[in-house]
Amino acid sequence: MEHDLTRGNVLKTIAVFALPYMLSYFLQMLYGMADLYMMGQFSGAAGITAVGNGAQTLYIITVTLVGLAMGTTVIVGHAVGSRRFDRAETAIGNTITLFMGVSVVLAAVLLALCPQIVALIGTPAEAVEGTASYLRICFVGIPFIAAYNILSAIFRGLGDSRSPMYVIGVACIINIALDFLFIGHMGLGPVGAALGTVTAQTASVALALVWLKSRRTNIHVKRSDLRPQPEVLSSILKIGVAVQDGCIQVAFMFITVIANHRGLVDAAAVGLVEKMISFLFIVPSSMGATVSALTAQNAGAGKGDRARQVLKNAMTISVVYGCLITVLMWLVAPTFIGFFAKDAAVVAAGTGYMRSYIFDAIFAGIHICFSGFFAAYGKSYIGFAHNVLAVALIRVPGAWLLSNAYSDTLFPMGIASPCGSILSAVICVIAFTVLNRRGAFDKLVA
């Protein structure tokens, strides 16, 4: 089950690892898009806004958990690359203990604060009830979100990106079927969307556990591995806390708040486009995870040149994809958005926002790949730093200023995101150049 990512053609290795991850990400986004499609067909702007606001809030939590799980992917990758499976077992056991404890506490706190969260994000009055109902159900499912991300991180650290693909494929089918039942047939609206999502997540965890247990592997987690070890937990958190696209998602939430205060139409348009952007960023996101997994194993094996080649090839793939998808969205944005929303005003507002925002696809892949690379070498603080600077200096203030300056269109507000990514990319290039000249990526420092 452990796949050696330290040998063979680099581009082929990237493709073999990344394609299943891309399909997994595609399927995960597909059932999120299915929620919006069904809401657009049966609930109108209020339903789209409720699910869009709720999904954006939940996505911050999910991305934070994914970032934390990156610590496990990197440590397990190091252990597999150096053939130290005992270290991998300890890391996996401590990850399970950490995540399960955190997720239960987090779910309880968020449930208690649900009314305040709905008010804080400035949800339009027409969508308040739907947003609150959606979030309550999804907050109950947080332990299952955490469990799925733990299992996916373990698989990726072992060099296996196919198993999560199979698992999420089954979950996608379940979620789409339940959307038709709960939203279309039973008319449950946002409640139906949330029930379908949580049920699918629960099924994915159960299947992943069965799948992991049935596979032959050199890793055998024992009860003693579940016992918290401060230095292991510190290593996981040191990487995971710093590898946070969560701060970018916080910026997206600020943008959601800005849109909510502009009215129901703009709120629905932004919520719809933000969900689509997550879907369209499938390649940059998968390249970031691919770089972290491949680099972790190669760093553990002392193959710095190969690790740098992985980074170069992954960034090239991301930029080429970004250029292609930007051109495509400029051509088909009205049709694409119109497929999910019947309201002509929502389609028009969303088209303007999409056409400026989509340029981010070109630049985001650069800093995402760099962040994965830095994390694998224990320098995840660089990824954290550039994200915080981009959010604080450009993404949030830029969106706010442009929204106030142009109240009749969302096009200018969307420009803030690609500008933030440009700053992040510049910081990453400078950091990499300086550290590479110092030989920081020639040998892994334990």
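Mentor: Let's begin with S286, which touches Y21 and M22 when residues up to four places away in sequence are left out; contact here means heavy atoms within 4.5 Å. Before going on, bear in mind that this is a predicted model, where local features need pLDDT of at least 70, side-chain atom pairs count only at pLDDT 80 or more, and totals for chains, interfaces and linings use all residues. Residues are numbered from 1 along each chain as its sequence is written, and side-chain values use heavy atoms, with hydrogens and water left out.

So where does S286 sit? You'll find S286 in helix 12, residues 282-300 (helices are DSSP runs of H or I, at least four residues, numbered from the N terminus). Its relative accessibility is 0%, so S286 counts as buried. For that label the cut-offs are under 20% relative accessible area for buried, over 50% for exposed, and partly exposed in between, using a 1.4 Å probe and protein chains only. A polar atom of the S286 side chain also lies 2.9 Å from the backbone oxygen of I282.

Now for the charged pairs. The structure holds 4 salt bridges, a salt bridge being a side-chain nitrogen of Lys or Arg within 4 Å of a carboxyl oxygen of Asp or Glu. One of them joins R262 to D266, with the closest N and O atoms 2.7 Å apart. R262 has 21% relative accessibility and so counts as partly exposed, while D266 has a relative accessible area of 13% and is buried.

Next, have a look at R308. R308 forms a salt bridge with D305, and there the closest N and O atoms are 2.5 Å apart. Both R308 and D305 belong to helix 13 (residues 304-338), and they sit 3 residues apart, about one turn of the helix. R308 counts as buried because its relative accessibility is 18%, whereas D305, at 60%, counts as exposed.

R308 has another partner too: its side chain meets that of D442 in a salt bridge, 3.2 Å from N to O. This pair links distant parts of the chain, since R308 is in helix 13 and D442 is in the segment after helix 18 (416-437), 134 residues apart. D442 itself is partly exposed, with a relative accessible area of 45%.

Conventions:
Helix = DSSP H or I, 4+ residues; strand = E, 2+ residues; numbered from the N terminus. Polar contact = N/O pair within 3.5 Å; in protein donor to acceptor, adjacent residues only side chain to side chain.
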